[in-house]
Amino acid sequence: MRPFTIHEGLVAPLDRANVDTDAIIPKQFLKSIKRSGFGPNAFDEWRYLDLGEPGRDNSKRPLNPDFVLNQPRYSGASILLTRDNFGCGSSREHAPWALEDFGFRALIGTSFADIFYNNCFKNGLLPITLPAEAIQSLFDLVTAVPGSTLKIDLAAQTVARPDGVALHFDVDPFRKECLLNGWDDIGLTLRHAELIKEFEARRRIEQPWLFA
């Protein structure tokens, strides 16, 4: 998992509440568990004008010109601005996989569904919650000023606007440490690799019948 320390990027505003995981990555794309390749089908039903299916060449599909992420001004956005209860619905981990594969590194909203929120941290995405007033000010900024960027400093727990105003956010210390170091669940385990090897070597001597 890539560490998250400081990230500055273009912001895209998704002005919808209660965006569920089936909208983020529709059910027909859940057959793969590779964690990659889902980006082209993120928000598939909103992004394209036809029905998406696994294996289709997305470059030949008609785009929905009214969908915000298809607008040229938001091309290459790496921070997604959202509203209430983002990531509700089913607990599919494919949703943060799709968002990360699309190119997002952080999500900023007023609230996130619990399971989705946890899955984001496990996959290198930083979900940031801010008060409704702060979120509205960011929506106003991003829609009014093309090319608006934000700078996120995880160590300092701040989101810096282009005008220098810094918005503070809260984050669980353990989740923060994992993101700063790029530790997913496997990475956390591998920190104890030497102890695991020692245990397995000792067990081969003490319980050899297990390895016959």
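Analyst: Contact here means heavy atoms within 4.5 Å. By that criterion, among contacts in the protein chain between residues at least 6 apart in sequence, 65% join residues at least 24 apart. This is a predicted model, in which local features need pLDDT of at least 70, side-chain atom pairs count only at pLDDT 80 or more, and totals for chains, interfaces and linings use all residues. Residues are numbered from 1 along each chain as its sequence is written, and side-chain values use heavy atoms, with hydrogens and water left out.

The protein chain contains eight helices and seven strands (DSSP runs numbered from the N terminus: helices are H or I of at least four residues, strands E of at least two). Its C-alpha trace spans about 70 × 45 × 25 Å along the principal axes. Of its 212 residues, 44% count as buried, that is, under 20% relative accessible area with a 1.4 Å probe, protein chains only.

Two packed helices are described by the angle between their axes and the distance between the axes. For helix α3 (residues 94-102) and helix α4 (residues 114-122), the axes come within 9 Å and cross at roughly 50°; axes are lines fitted to C-alpha atoms over the stretch in contact, with angles running from 0 to 180 degrees between N-to-C directions. That makes α3 oblique to α4, since angles under 35 degrees count as roughly parallel, over 145 as roughly antiparallel, 65 to 115 as roughly perpendicular and the rest as oblique. Ala95, Pro96 and Leu99 of α3 meet Phe116, Asn119 and Cys120 of α4. The residues of this contact divide into five nonpolar, one polar and no charged (Ala, Val, Leu, Ile, Met, Phe, Trp, Tyr, Cys and Pro count as nonpolar, Asp, Glu, Lys and Arg as charged, and the others, Gly among them, as polar).

Technical notes:
Buried means under 20% relative accessible area, exposed over 50%, partly exposed in between (1.4 Å probe, protein chains only).
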